[in-house]
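Here is a short note on charged side-chain pairs. Please read the points against the model shown below.

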Amino acid sequence: MFSLPFLRRLALACLLCAGGMSPAAFANGLRVGQSAPDITLDTLDGQHVSLHALRGKTVILTFWATWCGPCREELPMLSRYAREHARDGLVVLGFSLDTPDTLAQVRQVAATLDFPTGLLGDPHVDGYGRIWRLPVSFVVDRHGLLVHDGWKDRQPALTRERLDQVVTPLLDAPRH
């Protein structure tokens, strides 16, 4: 009657909308000011980008999905911000919670973005917990310290104002 991928997306959507879940229950080890847990993005073009290898850069880890309306609104703004600040030492890594059967849609969205994207594969991410609410983002400074824990945001989608408050002060001065 229903396909397995549809049922998986439905189950994940139910989890994302469940109001009784506490973010702390999913990422107890995250502490602003402490080392951010390492994570590796396996990009759609076969590259492997680890957070650890990006030491010296300011990094935004963003988790999204093609079926997430707020994500689709946030991604273009985040892409513009990434493009504007690439020379300032900013790297954005996009982790899609989509399943392999929707890879064509993920590729279509990724083609519009100015940052690498890949499929997360498993919503359980060591150190970050189960990714159950979308969008959710984390910011890591050039020293590898977590400076923004997206689980603590009441409004999970990033805004330009929030980026200017949290991320812009962490960036290198523009190079000429």
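1. Start with Glu-84 and Arg-160. They form a salt bridge (a side-chain nitrogen of Lys or Arg within 4 Å of a carboxyl oxygen of Asp or Glu), and their closest N and O atoms are 2.8 Å apart. Glu-84 sits in helix 2 and Arg-160 in helix 4 (residues 160–166), so this pair links distant parts of the chain, 76 residues apart. Helices here are DSSP runs of H or I with at least four residues, strands are E runs of at least two, and both are numbered from the N terminus.

2. On provenance: this is a predicted model, where local features need pLDDT of at least 70, side-chain atom pairs count only at pLDDT 80 or more, and totals for chains, interfaces and linings use all residues. Residues are numbered from 1 along each chain as its sequence is written, and side-chain values use heavy atoms, leaving out hydrogens and water.

3. Accessibility next. Glu-84 is partly exposed at 44% relative accessible area, and Arg-160 is partly exposed at 30%. The classes are buried under 20%, exposed over 50% and partly exposed in between (1.4 Å probe, protein chains only).

4. Asp-149 pairs with Lys-152 in a salt bridge, with closest N and O atoms 3.4 Å apart. Asp-149 is buried at 4%, whereas Lys-152 is exposed at 63%. Elsewhere, salt bridges with shared partners join Glu-84, Arg-160 and Asp-164 into one network.

5. How many salt bridges does the whole structure hold? The search finds 4. One of them joins Asp-114 and Arg-83, with closest N and O atoms 2.2 Å apart.
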